[in-house]
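This briefing covers helix packing, a pocket and some backbone details. Please view the model alongside the text.

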Amino acid sequence: MKTEVIKVHPQCPELDRIAQCAKVIRQGGLVIFPTETVYGIAADFNNPKAIARLRQVKKRSDEKPFSILISQKGLISNYTSAGEPVVYKFIDQYWPGPLTVIVPARAGSATIGIRMPDHVIALKLVQEAQCTIAAPSANVEGAPPPKTCEEALKALDGLVDMAIDGGEAKYGQSSSVIDFTKAKPVLVREGAIVQDDLDRLVKTKTILFVCTGNSCRSVMAEYLLKKMVKGRSDVEVVSAGTGVFIKSSASSETIAVLNREGMDASPHVSQPLNTILLKKADLILVMTRTHRQQVLDWVPTVEKRVYLLREFASASGDSGINMDIPDPIGKPAESYEECMLTVKDAVSKLVKLI
């Protein structure tokens with residue numbers, strides 16, 4: 001019996017057709033589908049019969065595990081408790097995209113491979129399936145991975161239940177695989193991400209500034225530190241807010257005080273704080289004790305990497321001093337100037353440590 005082929009628009013996929021394929025997966029079937037790298041075969045990772053059939057179709061030994069796909073970066077925490085910042089640096093930079101990470105598994109096998117594809121059909125299929133998706137390339141073991149649905153069906157027609165034809169894969173090569181379970185990350189398989197990319201990002205220190213709205217204090221700190229480390233490729237500086245619900249620019253007063261320091265903050269767009277940002281940061285600098293508690297409520301494991309920014313200021317050694325940096329929002333211009341001086345003093349001390 002031939003495999004049923006469903007054509008789906010690669011940019012604007014018909015959701016009813018994807019839902020039809022997702023139902024097949026939930027019922028234990030196998031579905032060929034496109035990603036930005038190559039075509040894959042989807043199966044329910046937690047269905048032993050589906051996985052046994054997938055092995056038979058792939059002609060893959062029991063010793064070689066299957067990687068899984070997820071549809072959101074933060075969902076990685078469902079499958080691993082990995083806490084090393086370097087893992088999340090790669091996730092933040094390359095997901096969604098052609099990167100599979102091997103990390104310690106929460107349960108079952110010792111390790112697990114995880115990827116978030118950069119393809120709307122693949123992401124929708126993972127979401128609609130409502131189960132963990134195992135997704136090896138749609139080829140027999142040892143054969144070249146297919147770039148099109150037609151290539152996949154040359155070997156697999158009749159062996160899988162359905163196939164989604166979403167056009168040609170962008171890259172035409174399998175995802176890069178990096179093993180983060182070793183003492184140092186190892187590039188197991190090279191793809192769009194190569195050894196130079198690995199070497200560069202491993203050496204990068206990420207400094208994260210946190211305030212409430214990511215429109216004043218953390219913006220000042222971010223732009224000041226970026227200016228002070230200009231030319232250093234080993235330092236990444238970012239900022240975010242605990243209370244960002246709608247993205248916005250920096251406040252006009254913040255733009256003005258930074259402009260007087262020779263910096264243009266008008267392109268800044270606020271971003272909400274999230275667990276990936278917190279986990280990737282080597283150093284998290286918050287403006288108040290409340291921010292610190294919010295960070296720890298979200299990700300308790302980063303406790304040793306979270307500090308009040310004012311702890312780096314020249315007055316930090318004074319006993320009894322309030323270490324919080326007040327929010328200048330809605331206050332006179334003088335409050336912004338005072339905030340800038342405090343932040344600049346702290347950042348000037350910080351830069352000597354990194």
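Contact here means heavy atoms within 4.5 Å. The model is predicted.

**Helices α1 and α4**

- Helix α1 covers residues 15-26 and helix α4 covers residues 120-129; their axes are 8 Å apart and the packing angle is about 55°.
- Angles under 35 degrees count as roughly parallel and 65 to 115 as roughly perpendicular; α1 and α4 are therefore oblique to each other.
- The crossing in which α1 passes α4 is right-handed.
- On the α1 side, the residues that meet α4 are Leu15, Ile18, Ala19, Cys21, Ala22, Ile25 and Arg26. Their counterparts in α4 are Ile121, Lys124, Leu125, Glu128 and Ala129.
- By class, the residues of this contact of α1 with α4 are nine nonpolar and three charged, with no polar ones.

**Helices α7 and α11**

- The axes of helix α7 (residues 217-228) and helix α11 (residues 333-350) cross at roughly 45° and come within 9 Å.
- α7 and α11 are therefore oblique to each other, and their crossing is right-handed.
- From α7, the contact takes in Arg217, Met220, Ala221, Leu224, Leu225 and Met228. From α11, the contact takes in Tyr336, Cys339, Met340, Val343, Lys344, Val347, Ser348 and Leu350.
- Eleven nonpolar, one polar and two charged residues make up the contact of α7 with α11.

**Largest pocket**

- The volume of the largest pocket is about 690 Å³.
- The largest pocket is lined by 33 residues, of which Arg60, Ser67, Pro136, Val177 and Arg189 are the closest to its centre.
- Elements giving two or more residues to the lining of the largest pocket are the strands β3 (39-44), β4 (68-69), β5 (99-104), β6 (111-115) and β10 (186-189).
- Strand β6 supplies the largest share of the lining, four residues.
- The lining of the largest pocket divides into 15 nonpolar, twelve polar and six charged residues.

**Backbone details in loops**

- Trp95 and Pro96 are joined by a cis peptide bond, with omega near -10°. Pro96 is in the loop between α3 (85-94) and β5, and β5 is among the elements that give two or more residues to the lining of the largest pocket.
- Lys59 is not a glycine, yet has a positive phi of about 60°. Lys59 is in the loop between α2 (48-58) and β4, and β4 is likewise one of the elements giving two or more residues to that lining.

How values were computed: Residues numbered from 1 in each chain as written. Predicted model: local features only at pLDDT ≥ 70, side-chain atom pairs only at ≥ 80, totals over all residues. Heavy atoms only, no water. Axes fitted to C-alpha atoms, helices over the stretch in contact; angles between N-to-C directions. Parallel < 35°, antiparallel > 145°, perpendicular 65-115°, else oblique. Left-handed = near helix turned anticlockwise from the far one by under 90°. Nonpolar A, V, L, I, M, F, W, Y, C, P; charged D, E, K, R; others polar. 1 Å grid on protein atoms, 1.4 Å probe; cavity = no way out; pocket = protein on both sides within 12 Å on 5 of 7 lines; lining within 4 Å. Points joined across faces, edges and corners; volume = space filled by probe spheres on them.
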